[in-house]
Amino acid sequence: MTALHLRRAGMALAAILLLIWSLGPVYWALATSLMKPTDIAASPVNLVPPSITFEHYAKLVGGLFGQPDETGIWRDFLRALGNSLVLAGGATIATTAIAAIAAYAAVRLEFPGRNLVFYMIVATLAVPGYTVLIPLYRMMVGLGWVDTYGGIILIYISAYLPLSMWLMRSVYESLPLSIEEAAFLDGAGRLYTMVRIVMPLALPGLIAAAILTFLGAWGQFAVPLVFAPTAATKPLTVLIPEFATKNYVDYGLINAAGVFAMIPPALVVIFLNRFLLSGLMAGTGK
Amino acid sequence: MSTPDAALAPPFAAEVPKPGLLQRVSSDAGLGIVLALPVVILMAAFVFVPVALTAWDSFHRVTPMLPGEPFVGFRNYTRMLSDPAVRNAWWNTWFYVAAAVSLELVLGLGAALLLNGMKHGRRWLLAAVILPWALPPVVNAMVWSWIYNPHYGLLNGLLMRFGLIGEARVWMNDQASALICVTLVHVWRMMPLNAVILLAALQTIPRELYEAAEVDGAGRLKTLRLVTLPLISGALGIALTQSTITAFNIFDEAWILAKASALTRPIQGQIYMTAFQDLKFSYGMAMSITVMLVSILVSSVYVLRIYRETRFD
């Protein structure tokens, strides 16, 4: 009885510690972003904002609502936010669509060399993405694709496609063949069957592949650091660290910008966690 | 003689779909090739050819500052051995690998065991645990950099409030604490993935096995060692492999926390400096190839070992 109680108390304590370890830094970023500069620089440290202010957020997006702003930070910030959305969104849609079709071909269509193609592509998961940055840079400079959405999205697709194909293959393999055979008997063609019959059944897998690609592309740093040198394509992950390289580091501003960049992944974790977990388990566990 | 037979040949007529089937098989192959070809071209252009080029160029002298690309043999590789900056970066990288992999494995296993044993709220705790992995690594590093801030940071603030240190420490100033600080940020981000991988494996272990171990009088630790760990050895291998490859390629965290500082610069930081600041492309490529080979080699050692151990069990 007491041993059981002790064990329960131990587990509860461990759960609380794990929760603080995981969410503590996120809370601290949020709290800092809502504090006045004087409260941020206070000693002893303020664990809870003594008073709430939105001034840091106003610097980032206030210009959008017609607020006068002499720093002009909001233009850069909104530009980078837009770039992040275009790059991650474009990479997600393209990667998921390509993986959905190519993995279907690898599972259901007999063609010479299909296993070789599939395993070669999946084997690139073992190649660290950084390995190819230098030759890619020379190639992209030659093609004039540096600092273009298309060039960066193509790099993202090549980086995240292997995992998505691996995932989609296990999804298709788990679907019963009989459904497709029934569709053929009814006179449906391959493409029609793939798009109208198989894809809807594979939807949870497609969502999982899309989530993994989106999170990867949204958080990418090294690729845009090299390939997105100007405001034309520079995403949040490259812009935000630049806030700190000035002589004066505005921690309220940095944390407010960081909170913005955390929102999409946090929404995914809160609302699509089921798909995320199944994707992670299928993507790494089989 | 054969005419009546031919006229009365419904069984053969029933075979009419046969060419249709053949056609479908061959059109399947055609469709398969059409659907797979763009992917093959993309991966060739963005991965296979660049990897081959990296290997090729690493035996040449390639830099935009000097004309020509002469063959230099292994000079780019031998140069690494005597380059103090590269040696220092490797030393830092090995520290990250050893510290991050062991912490991620132990903490990940602990979190997975805890989550597996929970009756209420597992879904919510799991969501909280996975969150750091989902966030942009750069943003994580900036938040932690603010936590480590010597003047107003949370770490010094908490330690001073609880009287654990007398005055504020500058965490990023000496190499030991700076390396640990970078490692912690990396572990914060990558441990959740291990927890998920191991939790998935734990959930496949039938309850009866634990009950049987309890009946046999095995204690908690003994059950863990003799029942749980052997049964999840495959997942442990995957967790080890992914932790090792990501730790070998650590870049974002070190770069945000300390820029190019030699105290924390990992090998990927060294490559970035060599290629994109000093513009010594082929020298950086030789380093890239080395990192790739070392990280694949180290992880295949685990995979083989785990594979052998599970087979003997």
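Is A:Lys59 buried, exposed or partly exposed? I looked it up: A:Lys59 is partly exposed, at a relative accessible area of 25% (buried is under 20%, exposed over 50%, partly exposed in between, with a 1.4 Å probe and protein chains only).

I note that this is a predicted model, where local features need pLDDT of at least 70, side-chain atom pairs count only at pLDDT 80 or more, and totals for chains, interfaces and linings use all residues. Residues are numbered from 1 along each chain as its sequence is written, chains are lettered from A and ligands numbered from 1 in the order written, and side-chain values use heavy atoms, without hydrogens and water.

Chain A. I found A:Lys59 paired with A:Asp250 at 3.0 Å, N to O. The two are 191 residues apart, A:Lys59 in helix α3 and A:Asp250 in the loop between α12 and α13 (helices are DSSP runs of H or I, at least four residues, numbered from the N terminus). A:Asp250 is buried, at 15%.

Between chains. I found a salt bridge from A:Arg138 to B:Asp57, also 3.0 Å, N to O. It runs from helix α6 of chain A to helix α3 of chain B. A:Arg138 is partly exposed at 31%, whereas B:Asp57 is buried at 4%.

Chain B. I found B:Arg189 and B:Glu253 in a salt bridge, with the closest N and O atoms 2.9 Å apart. B:Arg189 lies in helix α9 and B:Glu253 in helix α13, so the pair ties together parts 64 residues apart in sequence. Both residues are buried.

Conventions. A salt bridge is a side-chain nitrogen of Lys or Arg within 4 Å of a carboxyl oxygen of Asp or Glu.
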